[in-house]
Amino acid sequence: MTQANQPSTQTWSQRFESTLHPAIADFNASIHFDIQLIEYDLTGSQAHAEMLAKTGIISADEGAELVRGLEQIRQEYRQGNFTPGTDAEDVHFAVERRLTELVGDVGKKLHTARSRNDQVGTDTRLYLRDQIQQIRQQIRQFQEVLLSLASQHVRTLIPGYTHLQRAQPISLAHHLLAYFEMTQRDWQRLGEICQRVNISPLGSGALAGTTFPIDRHFAAERLNFGGVYANSLDGVSDRDFAIEFLCAASLIMVHLSRLSEEVILWASQEFSFVSLKDSCATGSSIMPQKKNPDVPELVRGKTGRVFGHLQAMLVLMKGLPLAYNKDLQEDKEALFDGVKTVKVCLEAMTILLSEGLEFQTARLTEAVNEDFSNATDVADYLAKKGVPFREAYGLVGKVVKTSLAANKLLKDLTLDEWKDLHPAFEADVYDAIAPEQVVSARNSYGGTGFEQVQKALEDAQKRVKEE
Ligand code: ARG
C-alpha cells in the first residue's frame, strides 16, 4: 500500500530544491491525528470531483474515475489497508497521492479549483456535524434514564439545599428533572450551533476564490450543507463553529460535573443517599472497606480538559490575521479530544444512572424528618392566618432556637407550646409541617409540589421525543 517513503519535496512545486529536515517534517505533519477526518475528506473530494465534472472543468469520465478511486481508498481504509505515514504530511495529501497511484494521472486533476484550506474546513465541518448528531442522541439516552428514574421517585423526598445547608425538602423527581432541563438546553444548543457548523467553505480556494467556473452550491448540496460561506476569506479562516461547539461541550461538562459532585456527596457515608453498585465503583488497594465513586470523579475531572480545549481555541484564534495560517492545524486535536471526552462522559453517566446506583429511600425519609427544613412552612402557616410574614419569620426563628436548645424538632412541640408562641396555632399545624405536606404544598408552577412534578415529568416525556 502507500507507505511511500518519497521525499517530502515531491509534494511541493519545483520551487523547492531540497527536502524538509526530518524533524521539521514530523513537526509539520498532522496525519497522525487528521487521519480521523479521512471519511469526510473522501466524501468531500467526491462531491468536489462531481462538481468539476458537472461544470465541465473535467470530463464526465474523469469525474467518475476520481469518484471511483476515492471509493476504493475508502474500502482500503475500512479494511485497515490504508495507513499513511508522516511522509504524507496530512490526510489530504495522503488521499491525493493514493488516488494518483490508483487512477493514474487523472488523480492529479482532483485538486483543480481547490486548496487544502477550503478542503480542511469542509472536512472538519462534516466531521463535527456528524459528531454533534451523535452527541445529541447520547443526550437523549441520558435524558431517558433521568426520566425513568424520575418517574419512580415523584413521591420520594430528599432534602433540598442552598449553601449546602438543608433548606426545604423536595421531590427527588424534581431534583432529577432539573438535570433534564439543563441537558435539554444542551440538546437545543447543539442543534442551533449545528446550523452554523453546516455551512460549506468549499470553493473558497486558498483564500480568494478561483478562476474556474465552479458551482459551490452544487457541491454544497451534494454534501447536505445548509448553505455556503458568502466570503472566501471568512470561509477558510473561520473557526467560530469549533469554538461554539467547545463552548456547548463545556456546558454539557458543567452539567455532568455538577451531577457527579452530587452523586459523590450522596454516596458518602455522611449522606448515604445512594449506594453504588459494584458495576460502577472500585475498591481501594489498601483499605478493604472502601467503595469509590470513580465514575463521577472522572467525569468531574475530565471537565477541565474540555474547558482547556475551549480556552486553547480562543487563544488560537485571537490575533490571527486573515486568512489561513498554519496555526489553524491546531484546531483539530482540541476538537477531537473535546468530542471524545463529552461522548465518553455522557456514556459513563448514562450507565451510572441506569444501573450503577440505587437511592436509599429509607435513609432519605429519615433525612427529611430529622431537621428544621419545615421552618418556612411554619412561617407560611402563620402568614396565611394573617400574621405578616416578616413577623412570623422572626417568631419561627425563635422557635427553632429554643427547640434546638431543648434537642427537639418542630414536630415534637406540644399544641400548648405552639399556642404559647402564638395564639393562631391550631392542631392542623402538625399536618402543615409534615415533610409530605411541605413538599406537596409547593404547588406553584415549576415548584416541587407532587402535582407540578407529575406534570413536569409528563411534559418532559413529550419533549424527549422531539427530533
Ligand atoms: N493540515 C492542514 C490543517 O490542518 C491542512 C491545510 C494546510 N494548508 C496550508 N496552506 N498549509 O490546517
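Helices (H or I, at least four residues) and strands (E, at least two) are DSSP runs, numbered from the N terminus, and a helix axis is a line fitted to the C-alpha atoms over the stretch in contact, with angles running from 0 to 180 degrees between N-to-C directions. The model shown is predicted, so local features need pLDDT of at least 70 and side-chain atom pairs count only at pLDDT 80 or more, whereas totals for chains, interfaces and linings use all residues. Residues are numbered from 1 along each chain as its sequence is written, and side-chain values use heavy atoms, with hydrogens and water left out.

**View 1. Helix α10 packs with helix α11.** Helix α10 (residues 240-267) and helix α11 (residues 294-317) meet at an angle of about 160°, and their axes are 8 Å apart. That makes α10 roughly antiparallel to α11, a term that applies to angles over 145 degrees. The contact of α10 with α11 has 18 nonpolar residues, five polar and four charged, where Ala, Val, Leu, Ile, Met, Phe, Trp, Tyr, Cys and Pro count as nonpolar, Asp, Glu, Lys and Arg as charged, and the others, Gly among them, as polar.

**View 2. Strands β1 and β2 form a hairpin.** Strand β1 (residues 157-162) pairs with strand β2 (residues 165-171) in the antiparallel sense over six bridges; two strands pair if DSSP finds at least two bridges between them. The bridge partner of T162 is Q165 in β2, and in the hairpin, which has two residues between the strands, H163 takes a positive phi near 55°.

**View 3. The largest pocket is lined by 17 residues.** On a 1 Å grid over the protein atoms alone, a pocket is an open set of points with protein on both sides within 12 Å along at least five of seven lines, a cavity is a set where a 1.4 Å probe fits but cannot get out, and lining residues have an atom within 4 Å of a point. The largest pocket holds about 370 Å³ of space, and Y161, H175, Y179, R258 and E262 are the lining residues that lie nearest its centre. At least two lining residues come from each of β1, β2, α7 (172-197) and α10.

**View 4. The second largest cavity has a volume of about 40 Å³.**

Definitions and conventions:
Parallel < 35°, antiparallel > 145°, perpendicular 65-115°, else oblique. Points joined across faces, edges and corners; volume = space filled by probe spheres on them.
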